[in-house]
Amino acid sequence: TPAEVLRMIAGRINQGGTKYRYVESPLVQALRYGWVCEIQEPTLIKEPGVLPGLNAMMEKDGTVVLPVTGETFKRHPNAIVICTTNNDYEGCQPLNKSFVNRMNIIQDVEEFDKELLLQLLKNNTEESDEDMLRAMITVVESMKTELRNMGDNTGVLGLRNLINWVTLTQSRGNPYAAAMLSIIPASSTDPFVRDSLKTMFLDTSVFAR
């Protein structure tokens, strides 16, 4: 088990064998010093005992036990742990209920509206052409609607894909060609669906002119 491996490593350190340098993870540092730490995609953890193993340190006055050094300390009162995940991605597992029960706030984040997407794109790419950005958002949002109607969830289209499209356009100077290397390949694993989306939305957009 992971705990046994850590104890073995600790034993080697104590016995003067192979040398290892112990480095605290961001989670341990956040709990020790009162920082904010994000745990990304916990639904992808398939080993059922991993998340419940964090339960003690998830409590507001919880205790952290380090298996390598044996050190024990109380969680800092200002420490904040945020878990973010996509529930509908392939490979996602249901979160352990005892782990979820230790979350103070549970919030579903709805899809961003177009104005917020526009601001996020400008902030992340420093692109000032709002007309181009709005047209890109319209193309991607239309594709997402069509994919939902088709029942195709094999791809992913979101903010990160839009950012990729914009940055590729900035480097290549051709938004249509950039779309063929970013949003179209990401939209679906089905070549027929990709081609249909290109024909319906990219080829009829301002970027095809």
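Author: Let's start with Ala177, which is partly exposed because its relative accessible area is 23%; buried means under 20%, exposed over 50%, and partly exposed in between, using a 1.4 Å probe and protein chains only. Ala177 sits in helix H8, residues 175-180. Helices here are DSSP runs of H or I with at least four residues, numbered from the N terminus. From the C-alpha atom of Ala177 to that of Thr138, 39 residues apart along the chain, the separation is 17 Å.

A word on where this comes from: the model is predicted, so local features need pLDDT of at least 70 and side-chain atom pairs count only at pLDDT 80 or more, while totals for chains, interfaces and linings use all residues. Residues are numbered from 1 along each chain as its sequence is written, and side-chain values use heavy atoms, leaving out hydrogens and water.

Now look for the largest nonpolar core, which has 27 residues. Such a core is a set of buried Ala, Val, Leu, Ile, Met, Phe, Trp, Tyr and Cys residues joined through side-chain atoms within 4.5 Å. Met136, Met143, Leu162, Trp165, Ile183 and Phe207 touch the most other members. At least two residues each come from helix H5 (114-125), H6, helix H7 (159-172), H8, helix H9 (183-187) and H10. H6 gives the most, with nine residues.

Zoom in on Leu162: leaving aside residues up to four places away in sequence, Leu162 touches Leu117, Leu121, Met136, Ile137 and Val140, where contact means heavy atoms within 4.5 Å.

Next, find Thr125 in helix H5. Thr125 is buried, because its relative accessible area is 10%. Again not counting residues up to four places away in sequence, Thr125 touches Ile163, Val166, Thr167 and Gln170.

Finally, follow helix H6 (residues 130-150) to where it packs against helix H10 (residues 191-202), at an angle of about 135° and with the axes 10 Å apart. Axes are lines fitted to C-alpha atoms over the stretch in contact, and angles run from 0 to 180 degrees between N-to-C directions. H6 and H10 are therefore oblique to each other: angles under 35 degrees count as roughly parallel, over 145 as roughly antiparallel, 65 to 115 as roughly perpendicular, and the rest as oblique. The contact is made by Val139, Ser142, Met143, Glu146, Leu147 and Met150 of H6, together with Val193, Leu197, Met200, Phe201 and Leu202 of H10.
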